[in-house]
Amino acid sequence: MLRAIVLDCALILLPATLAAISQSLFNHDINSRDLTAATSEQSSTIDNYNVSCARIAESISSASQLFYPGMLGSHFSTDISHWGNSSSQVSTCSVEPGTPQDVGIILRELALTRTPFAVKGGGHSLNPGFSSTSGVHISLRRMDDIVVHEDSKTVEVGVGLTWIDVYAYLVPKGINVVGGRSGKVGVSGYMLGGGYSWKTNQYGLAVDNVMAFELVLPNGQVKVVTEEDQDLWFALRGGFNNYGIVTKFILGFHEQTDVWAASLNFMGNLIEDAQAAIAKFLTREHDHKAAQQGQFIYTDLCQLIFNLVLFYDGPEPPEGLYDELLQLSAPSKSIFNGSFTDFILGSFLPTYERSGYFDGVPMVRYTQPVIEAYANDTKFWGETLSRLDKKVLVVYSLDPYEPGYISHGEPSAYPPDRSRAFYMSNIYFGWSNNLTDEYTADAIRSSHASLTAAAIKDGQDLTGAAPYPNYALFGTPLEEMYGQHLERLRDIRKVYDPEDIMGLAGGWKF
């Protein structure tokens, strides 16, 4: 339970909290025989993992490579690193498969030894253990091909790429795909989780634009999955790595022109005016080429900022579209007109050597009282956490969409219900002091509950409002994210992974 009082700029921890911290830090009364047994068991486990690494190294082709910690010229550190320090874990070895056939070999070896493993694309997941392990770490970085097929208007995209890699290749050719809003996000996890985009109002979710998957099944077989494979087609679109390892996506592409965007920053009393204006703006339906994102940001400078990004997928927005928002008084305002790639490059979230967690809060709408609740939570948790850690960064993102975005796709693992559209808000807490990990997770859960309560008080019906799996904090119940689809997803997993090989990897497990 969180027990803290914020008084001006000072955080006072109550005695019960101090006692709990003291106990966790200094309670080391461990029986020596238990310690010896635990050490012996740990040594045996490491030996087994080393055997797995050795077997994989002997079996894979020259297109792939395996690394150990400290190996000269090794990619090991890069392979296991993540965007957030809290997601990284030191594995026994890392392996970079260069072909889907080698992915199959690796999976068969792991199945024989029952060695835990991780599968990492871009490394943007912030849930500990989701793409990290103490066993065998599979890095997909060598799966980096991009092949355009003009005749079918499709593009093959390797899973080891990040979205800025994809945009940098496609946009100069005058084409693009539905992908991540942050260029540093990896292709694989984003696609397999659903995928919200700057283009979602026009084309739906990223999974709604997949034409086929190249999948390595848990038994090592390589299979191209299309809509004719009804069960796998359904399961892979939002079902992550429960059915094998995807090594390639075949995506539909569309024409890409220059884009327009504006960024406005508000501070102090000006934030209230911005909140009212954006709430009014969102009561109307707009051109589907338009998209917006609002972010309440609390930085280590002890300051609350509201950043509003207005986007239009064209060289100029229609006259009058954003006038009421652009006329707001903002200390900082910038207008961008240029390539989609440059727009994405300019919207990177600053990163430091910090840990972090995400969580997602679904909403029916952003009214002024609900937006105010986001501002209040950002300020409260920013002030609270900054007294524990001077490098804290707290960001609450509001991502509105047009009501029809959910209708672009067919039934898929996620979302569990396409009859109602929800906004997918994101909470991000970043910090540098590992002693605050558990406290911060509890803080995010508390904030999630607070924002949900604010929405219900606002009259919103959140029945069936499924959290977005790519945002959801570890521990979020599968039933909440996948609803009525969960039973079918589990049945499909039993068919394609009867030995539960993919259960040896982290992530949302069916």
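A residue is classed as buried when its relative accessible area is under 20%, as exposed when that area is over 50%, and as partly exposed in between, with a 1.4 Å probe and protein chains only. By this criterion arginine 493 is buried, since its relative accessible area is 15%. The structure is a predicted model, in which local features need pLDDT of at least 70 and side-chain atom pairs count only at pLDDT 80 or more, while totals for chains, interfaces and linings use all residues. Residues are numbered from 1 along each chain as its sequence is written, and side-chain values use heavy atoms, with hydrogens and water left out.

Arginine 493 belongs to helix H15, which spans residues 486–496; helices (H or I, at least four residues) and strands (E, at least two) are DSSP runs numbered from the N terminus. Contact is taken as heavy atoms within 4.5 Å. Not counting residues up to four places away in sequence, arginine 493 touches Asn242, Tyr243, Pro498, Asp500 and Phe510.

In soluble globular proteins, nonpolar side chains tend to be buried together. A nonpolar core is defined here as a set of buried Ala, Val, Leu, Ile, Met, Phe, Trp, Tyr and Cys residues joined through side-chain atoms within 4.5 Å. The largest such core has 143 residues, and those with the most contacts inside it are Phe117, Trp163, Phe296, Tyr374, Phe429 and Tyr482. Apart from this core lies another, of seven residues, among them Trp83, Phe358, Leu393 and Val395. When residues up to four places away in sequence are not counted, phenylalanine 117 touches Leu107, Leu110, Thr133, Val136, Ile138, Ile501, Met502, Leu504, Ala505 and Gly506.

Two packed helices are described by the angle between their axes and the distance between the axes. The axes are lines fitted to C-alpha atoms, for helices over the stretch in contact, and the angles run from 0 to 180 degrees between N-to-C directions. Helix H12 (residues 368–386) packs with helix H13 (residues 437–457) at an angle of about 160°, the axes being 10 Å apart. H12 is therefore roughly antiparallel to H13, where angles under 35 degrees count as roughly parallel, over 145 as roughly antiparallel, 65 to 115 as roughly perpendicular and the rest as oblique. The crossing of H12 past H13 is right-handed; a crossing is right-handed if the near helix is turned clockwise from the far one by less than a right angle, and left-handed if anticlockwise. On the H12 side the contact is made by Val370, Ala373, Tyr374, Asp377, Trp381, Thr384 and Leu385, and on the H13 side by Tyr439, Thr440, Ala443, Ser446, Ser447, Ser450, Leu451, Ala454 and Ala455. By class, this contact of H12 with H13 comprises 10 nonpolar, five polar and one charged residues, with Ala, Val, Leu, Ile, Met, Phe, Trp, Tyr, Cys and Pro counted as nonpolar, Asp, Glu, Lys and Arg as charged, and the others, Gly among them, as polar.

H12 also packs with helix H9 (residues 270–281), at an angle of about 135° and with the axes 9 Å apart. H9 is therefore oblique to H12, and the crossing of these two helices is right-handed. Gln275, Ala276, Ile278 and Ala279 of H9 make the contact with Gln368, Ile371, Glu372 and Ala375 of H12. Five nonpolar, two polar and one charged residues make up the contact of H9 with H12.

Isoleucine 371, located in helix H12, has 1% relative accessibility and therefore counts as buried. Leaving aside neighbours within four places in sequence, isoleucine 371 is in contact with Gln275, Ile278, Ala279, Phe296, Tyr366 and Leu398. Isoleucine 371 and glutamine 275 lie 96 residues apart in sequence, yet their C-alpha atoms are 6.5 Å apart in space.

Threonine 200, in helix H7 (residues 200–203), counts as buried at 0% relative accessibility. With neighbours within four places in sequence left aside, threonine 200 is in contact with Gly195, Leu205, Tyr401, Tyr405 and His408. Aspartate 47 of helix H2 (residues 32–59), by contrast, is partly exposed, at 44% relative accessibility.

Several backbone features fall in loops. Tyrosine 414 and proline 415 are joined by a cis peptide bond, with omega about 0°, and proline 415 is placed in the loop between strand E19 (393–398) and strand E20 (423–431). Arginine 114, although not a glycine, has a positive phi of about 55°; this residue is in the loop between helix H4 (100–113) and strand E5 (117–120) and is partly exposed, at 38% relative accessibility. Lysine 153, likewise not a glycine, has a positive phi of about 50° and is found in the loop between strand E7 (146–149) and strand E8 (154–158).
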